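Take a look at the structure below before reading on. The paragraphs after it go through one chain as a whole and then turn to parts of another.

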Amino acid sequence: MEYFVQQLINGLTLGAIYGLIAIGYTMVYGIIGMINFAHGEIYMIGAFIAVISFIVLGAAGITWVPVMLMLVLIISMVFTSIYGWTIERLAYRPLRGSFRLAPLISAIGMSIFLQNYVQLVQGARVKPMPPVIQGGFVIMERADGFVVSLSYLQILIIVLTTVLMVGFTGLITRTELGRAQRACEQDKTMAGLLGVNVDRTISLTFVLGAALAAVAGVMVTMYYGVIDFFIGFLAGVKAFTAAVLGGIGSLPGAMLGGLLIGLIEAFWSAYFSIEYKDVATFAILVLVLIFRPTGLLGKPEIEKV
Amino acid sequence: MTAIASHANARPGLNVGAMLKEAGLTALVALALTFPLVGLRTVDVGSRLTITTRFDEVLISVLLVFVGRIGLILTREGHALPVLVVSLVVAVAAWFAPLPSEILRVITIAGAAVLAIRAVIAVRRDRSTLSQQERDRAMDRLGARVQDAAMWIGPIAVVFAIALPFMPFASRSVVDIGILILTYIMLGWGLNIVVGLAGLLDLGYVAFYAVGAYSYALLAHYFGFSFWLCLPLAGLLAAFSGLVLGFPVLRLRGDYFAIVTLGFGEIIRVVLLNWAVFTGGPNGISGIPRPSFFGIADFDRRPPEGEIAFHQLFGIAFDPMHRIIFLYYLILVLALLVNFFTMRIRKLPLGRAWEALREDDIACTSLGINRTNIKLAAFTIAAMFGGFAGSFFATRQGFISPESFTFIESAIILAIVVLGGMGSQIGVVVAALIVIGLPEAFRELAEYRMLTFGMGMVLIMVWRPRGLLAHRDPTILLHPRRSARQQQADSEAGA
């Protein structure tokens, strides 16, 4: 029981992070129908900028945790968004209206490029980060001394994710930008005719997705304490799985899928085998795509001739 | 830069303010992109991370972007000639100037070259860029010309490949690189069946390569089977795994299919990595036996008692090169086999169904073609060739581990097919020479290999999504005698 609760907490934390990345996949797929393979790399860049800004802020003497965290989040979101914007502008926009697999191939190329770019400019070694937030609550204790704990960091991650997701849902459902975004999702030509700036809306979609991935990057940096230039690939595939599981194109689906993937991964490593935890995710990806390509909350897609 | 600016002032009709604003904005974006990641480098000092700064590189990159953008604007506004001159000067200067890193040099030269090409086009056509259609038509013409030329380039290339080991410059390393390139050509041709003919994006082709390699290694390790027995077995096992994996996934749409094949590729790799008792795990399998001369003779200096060695069989002096040359011819024959197979099958109903499916799968289904079956055929056949290549890889290396079968390997093979032009056999050869051969030739730039490679994939997609030498030649014609070039001319006249 105690062990189960601990895994539940770990899984939820992990799931929150995956959910944030998955939103980027699902939004981009919703609006331009492509798998943004480089999105995992965006998250990796967010994590690197987080490490760099932690060190710079530490050197500048800003060490009060709330301020530091706030600043790191903002810096990382801003710079990572610019990466997201640039990638769309350079690698995807010229391909709009090209044959269907071209954007995916371009995205794979972009992903390889970004990985090697970061490796080249930041070095291939693992980057360790000293913990910023330590300590936590003890929730339960078993007779043999096994302690179920909920760290402050985990609380922060879950709360921050919830706040972001609520805010983000508000953004999509209530603001003008969200309306434009949903309109482009349904029919870009018609939205354009009615005065929506389609290019700008698509760019903003990438910017928003990148900003959320940057938050995930900051949190992973603090949670695991190590990052390297290769973390984007696996996290990307897992978040994509989350998006597919929840139903690609659906925002609540991405959040739900993220949580489920996080829980599955935590329980799989705890009860079966830690070596095969990635296989579990890949297997879910394959199974969902084969048996229920629309995911849990997605709408079926009708191909028009 | 001052040269451009003064020249720009001299001509009327150019809004210098707007130009500087546009270029300045681009430079600002470049600053934001490079400042944190390039300018602030994290380094370990003891157990702590600290930062070293490299603002000189940031400054140079931003400056380059600024100047480059001004060059683009000037070309667009019809001042191409000075841009051409300046960009050529910059390219030459970058070759000799002391820049803080090699990568900046490469980027500068490449950027200046692109700018120069644009300027040349602008000078000749009075416009800075060609429209997508014009570009496609020009490249189609090139593709068609290459296709025609393939009639004589192909045989010449084969003769050259056969003669290569006996050329005066053919040292051991040259033949080794030849083997490497041929392996990738074979893999490229194999994948071309799936990607180029059937139009399915397979991101996990390396899985079948791995199945082939491990089949041979394990069969040799546990049962002592020889290479010549294992080669067909490895192909069969890979084909079988292609059949099993392909069956459930082939109903999926293009990009989902791609991701699922990626998933399968990774699953196979993780299993190979973790099933240590059977596959050796991360340590891999070493001591894989080398191939014999068709089971008759070995390539050892001193063969075991009662057996005969290659040099004794032919009564020549022992030379370690014999084995290398034999491997070279082996892979050459295997690769040509794949090529021959593809060329022939394109003329059969199956091959035609593949190409029809690539062009429009809904129309294809309504004409009564069983989509799943013919996709499965493409997937299985390509998997078989991947298996052959894998067992060759195992016997050549003598050692395999899951490290050799990562996603990047799939991406490289895919890039060879995509760069060369989907469906073009000669394009695969050209692309393999570029992707595999060039990095071997410029060893000092090896670090930047994957970087340029990713960039190349993006650029090719932006510039010409079907690949450099893509040529969609109808396999069935009303008047079959005319050459591809003539058809091109006709279709242009018609259009």
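Two residues are in contact if their C-beta atoms, placed from the backbone, lie within 7 Å. The model shown here is predicted. Among contacts in chain A between residues at least 6 apart in sequence, 75% join residues that are at least 24 apart. The secondary structure of this chain consists of eleven helices and four strands.

How does the overall size of chain A fit its length? A compact globule of 305 residues would have a radius of gyration near 19 Å, and chain A has 19 Å, so the two agree. Along its principal axes, the C-alpha trace of chain A spans about 65 × 50 × 40 Å. Of the 305 residues in chain A, 50% count as buried.

Chain B is divided into domain 1, residues 2-125, and domain 2, residues 170-486. The centres of these two domains of chain B, taken over C-alpha atoms, are 40 Å apart.

Helix α3 of chain B covers residues 55-76. At 1.5 Å a residue, its 22 residues should span 32 Å, and the end C-alpha atoms are 31 Å apart, which agrees. Just after α3(B), B:G78 has a positive phi of about 95 degrees.

Two packed helices are described by the angle between their axes and the distance between the axes. For α3(B) and helix α4 of chain B (residues 80-96), the angle is about 150 degrees and the axes are 8 Å apart. Angles over 145 degrees count as roughly antiparallel, so α3(B) is roughly antiparallel to α4(B). Where they meet, α3(B) contributes B:G71, B:L74 and B:T75, while α4(B) contributes B:A80, B:V83 and B:S87.

Terms used: Residues are numbered from 1 along each chain as its sequence is written. Chains are lettered from A and ligands numbered from 1 in the order in which they are written. This is a predicted model: local features need pLDDT of at least 70, side-chain atom pairs count only at pLDDT 80 or more; totals for chains, interfaces and linings use all residues. Helices (H or I, at least four residues) and strands (E, at least two) are DSSP runs, numbered from the N terminus. The radius of gyration is taken over C-alpha atoms; the globule rule is 2.2 Å times the number of residues to the power 0.38. A residue is buried if 20 or more other C-beta atoms lie within 10 Å of its own, exposed if 12 or fewer, and partly exposed in between; C-beta atoms are placed from the backbone. The expected span of a helix is 1.5 Å times one less than its number of residues. Domain bounds come from an automatic or database domain assignment. Axes are lines fitted to C-alpha atoms, for helices over the stretch in contact, and angles run from 0 to 180 degrees between N-to-C directions. Angles under 35 degrees count as roughly parallel, over 145 as roughly antiparallel, 65 to 115 as roughly perpendicular and the rest as oblique.
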